[in-house]
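Keep the viewer open and follow the points in order.

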Amino acid sequence: RRKTMAHTERRSTPQREFLIATFTGAVYGSSHTLSGHPLDNIKAVMQLDPAYRGLSTAQSVSRLWSEHGIRGFTRGIVPPLVGSALYRSVMLSTYEFAYTWFDQRVPDDSAWKKEIWGGYFPRPCVWASATFCSLARSAVEAPFEQAKVMRQTGRTWSLSPDLYRGAGVQAARTTGMLVMIFGPYDVIRRKTDWMKDSLLNQFFVVTAVCGAAYALVWPLETLKNAAQAGLPRPGASLAERVRHLGGLVGLYRGALPGISGGAIRNGVAMLAMANTQRVATWLGLRD
C-alpha cells in the first residue's frame, strides 16, 4: 500500500486527505498542548523573566512552584489549546493536500521528485509542501502564540493588531522547523523500516526528529517569544533583543525544557493522530 507523509495509512485523493487531516490535525494539536504545556511554561519564564535569569531548569521549576503553585505550570493553556487544535489542523491538512498532490499529479521523473544522494536527502516536493504548510500555519498561529506568551509571563493580552507582533520571526522559525521535521521524516519513511507497523517506533522517530529540529531553530524560538512579548520594547531591533536576552548564550535559555518538551509532546500527539487516522481508514473515509 502507498503511504502518506504524516501518517502510514493508504493514501486517498488530495481533497480527501485534506479533509481527514483537518480533523486528525486538531487531535494532534490538542494532544500536543495537553502533554507539554508545563514544560513550555518553564521554558517561557527561563527565556523571558529576568528573575529566572541564571537559574538552572531544576531551580526554575522549584521557584515557579513556590511562587505560583500548580497554576504556574498551567497558566496560559487556553489560547494554545484552542490555537494548537486549529493551526495544527491547518498545518497537517495543507501539508497532506500538497504532498498528495505532488505524489499523484506530478510525474515521477519530475525535478520535484528527484532523489538527491540516493534518496537520503529530502526531495524538493517535501521542501515545497513543508514551506506551504508552515506559512499557512503561521498565519493562524501568530495571535494564539502572542496571547500564550503574554499569559505565561504574567501579563494581559487584548484583541488588537499586537496579536501579530513577532509574526515575521515566527514564520521563519516555523518554516525552518517544519522543513527539518518533514524532510528527515520522509527519508526515514521511504528508506528504512523504522516506521513499519509499530506505533512505538513511530513515537521514537518523531520524538528524535522533532527534538533535533527544535534544537537547530532554538535561537529563533527565543527571539520569537521576546518579540511577541514586546521585550525589551515593541519594535526593538534584533541587536536590542539579543542584548536584552543576555547575548548569544541567552538565545539558548530554556532550551532543555523547551526541546525535550517539544520532542515528547510531538511524539505523544503523533500516537493520538495515528490512531485517529486508523479509525478514519476503518470507517471507509478513504474509499
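This is a predicted model: local features need pLDDT of at least 70, side-chain atom pairs count only at pLDDT 80 or more; totals for chains, interfaces and linings use all residues.

1. Have a look at helix α1, which runs over residues 14-48. With 35 residues, a straight helix would reach 51 Å at 1.5 Å a residue, but the end C-alpha atoms of α1 are only 42 Å apart. You'll find a bend of about 60° in α1 at Gly36, with the proline Pro38 following within four residues.

2. Now put α9 beside that. Its 28 residues reach 40 Å from first C-alpha to last, close to the 40 Å expected at 1.5 Å a residue. Just past the end of α9 sits Gly284, with a positive phi of about 80°.

3. How do α1 and α2 pack? Their axes are 10 Å apart and the angle is about 100°, which means that α1 is roughly perpendicular to α2. On the α1 side, the contact uses Ile42, Val45 and Met46; on the α2 side, it uses Thr57, Ser60, Val61 and Leu64. Sorted by class, that gives 5 nonpolar residues, 2 polar ones and no charged ones.

4. Helix α5 (residues 124-152) and helix α7 (residues 199-229) are another pair to check, packing at about 80° with axes 9 Å apart. That angle makes α5 roughly perpendicular to α7. From α5 come Ala142, Glu145, Gln146, Val149 and Met150, and from α7 come Lys224, Asn225, Gln228 and Ala229. Here the class count for the contact is 4 nonpolar, 3 polar and 2 charged residues.

5. Staying with α5, there's a kink of about 45° at Glu141, shortly before the proline Pro143. Just after α5 ends, Gly154 takes a positive phi of about 75°.

6. Two spots in the loops deserve a click. Trp117, in the loop between α4 (78-105) and α5, has a phi near 55°, a positive value in a residue other than glycine. The other spot is the peptide bond between Leu231 and Pro232, which is cis, with omega at about -5°. Pro232 belongs to the loop between α7 and α8 (238-244).

7. To recap the helix shapes and pairs: α1 bends at Gly36 and α5 has its kink at Glu141. The α1 and α2 pair is roughly perpendicular, and α5 is also roughly perpendicular to α7.

Conventions: Residues are numbered from 1 along each chain as its sequence is written. Side-chain values use heavy atoms; hydrogens and water are left out. Axes are lines fitted to C-alpha atoms, for helices over the stretch in contact, and angles run from 0 to 180 degrees between N-to-C directions. Angles under 35 degrees count as roughly parallel, over 145 as roughly antiparallel, 65 to 115 as roughly perpendicular and the rest as oblique. Contact means heavy atoms within 4.5 Å. Ala, Val, Leu, Ile, Met, Phe, Trp, Tyr, Cys and Pro count as nonpolar, Asp, Glu, Lys and Arg as charged, and the others, Gly among them, as polar. The expected span of a helix is 1.5 Å times one less than its number of residues. The bend at a residue is the angle between axes fitted to the seven residues ending there and the seven starting there.
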